[in-house]
Amino acid sequence: MNSTQPQSRTAIFPMVICCALFFILGFVTWANGSLIPFAKKAFDLETDLQAYLVTFASYIAYFFLAIPSSWILKKIGFHNGLVWSLVILAIGSLLFIPAAEKSSYGLFLTAIFVQGSGMALLQTAVNPYLSIIGPIDSAAQRISIAGFCNKTAGMVAPIVLSTLLLKGANAAEARLAQAASEAEKQTILDELLRQLHAPYIALAVVLALFAIVLKFVKLPEVNMEEEEVSENSAANVKKTIFSYPHLFLGALAIFFCVAVEVMAGDIIGTYARELGTVPHVFRDNATAFTLGFMLVGYLIGIITIPRFISQQAALRICTSVGIVFTALSVFTSGVISFWFVALLGLANSLMWPAIFPLGIKGLGKFTKTGSAIMIMGIAGGAIWPLVYGFMKDKLHIDFQHAFLYAMLPAYLYIVYFASAGHKVGKSH
């Protein structure tokens, strides 16, 4: 598989490995998102804005480490990069233990940042590989299959953490309200934080074992630097990554894509709490509902792309549906509003699978660097919850209207990229 020609069909074994890695990415990513309500209670935080630093710490790692990750992959190779990404993830998981013991929110966020660093390395390696192990025009279909594994793990993670952590957090909240002294209150919080030990030690062990297995598995290499040259002769002429404006427009589209994903998947729990009339079972497992709808969307993508609709058409449809569901969530209330936010998972499902291959298409020898730039866009998941939290907590905008003001510009930009942005700078 060292051929420089585009693949005529998808390589099955690498696809299986990619799906397993996407499952790990999904579990860790959405597990961290589920920690937002836990962190607010366990560290006695005053505002949602402070709790949203959980998502900030996770996603901002991509911005700082995506480009270094591409350099690391050039030095140590794709295969070793995957192994080391799992090792870094395991180290980050173990850091939750001293964070819990010291009741340190700063160390807690550091642990999440280290996990994010491992995920940045993993994402930078696995996304372009997944795009290139088969025809580029069906890349969205392969990413949808991997995304199905990713979001299945994302559904499992909040349910597991809800069982292990959030029930204890709800019980602790009642005990804290009755605490007679600061010492008693701190004892309750310490007990709550120690519940982090078992799940994160188990996660570290699983990650380490998978890293060992992966080290001894043989994966075919793809020469990403020479891919697509035959399709795009301009790749032989263009000397710099800045000659591909559609790449940078694509990275901004990824920024807003992840922003709306995180808003619908991670913020839905606090949104449900603000609604007030949403049952506990929905609030505690809110992320799982969003990801369940994302799975439905991935299934639709697997069946329809590219057989019935193009990647660009899927992207336009998804963004339009996202705008409609956002508006309906804002102008309804209670459980109905909750369900429209959860349904955004369906609208968001095919955005990443369509945007990523459109962004790196035609880069030729710049594919690795371009992929890293696209991965930097994941920082949207770090910034946008803080924008929403700032509008809600600091500007005192109604939480539903703040949600609308955060979501609408993001969707409108993705509409632009789907319609025209992905064509900018291309000769045809």
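Which residues in H13 meet which residues in H15?

Modeller: First, the ground rules. This is a predicted model, with residues numbered from 1 along each chain as its sequence is written. Local features need pLDDT of at least 70, side-chain atom pairs count only at pLDDT 80 or more, totals for chains, interfaces and linings use all residues, and side-chain values use heavy atoms, without hydrogens and water.

Now your pair. From H13 come Ala286, Phe289, Thr290, Phe293, Met294, Val296, Gly297 and Ile300. They meet Phe338, Trp339, Val341, Ala342, Leu343, Gly345, Leu346 and Asn348 in H15. Contact here means heavy atoms within 4.5 Å. By class, this contact has 12 nonpolar, 4 polar and no charged residues. Gly counts as polar; Ala, Val, Leu, Ile, Met, Phe, Trp, Tyr, Cys and Pro are nonpolar, and Asp, Glu, Lys and Arg are charged.

Next, the geometry. H13 covers residues 286-304 and H15 residues 334-348. Helices are DSSP runs (H or I, at least four residues), numbered from the N terminus. The two axes come within 6 Å and cross at roughly 35°. Each axis is a line fitted to C-alpha atoms over the stretch in contact, and angles run from 0 to 180 degrees between N-to-C directions. The crossing is right-handed, with the near helix turned clockwise from the far one by less than a right angle.

Another pair is worth a look. H10 (245-265) packs with H17 (residues 367-376) at about 35°, with axes 7 Å apart. This crossing is right-handed. Leu247, Phe248, Gly250, Ala251 and Ile254 in H10 meet Gly370, Ile373 and Met374 in H17. That contact has 6 nonpolar, 2 polar and no charged residues.

Phe216 lies in it, between H9 and H10.

Conventions: Helices (H or I, at least four residues) and strands (E, at least two) are DSSP runs, numbered from the N terminus.
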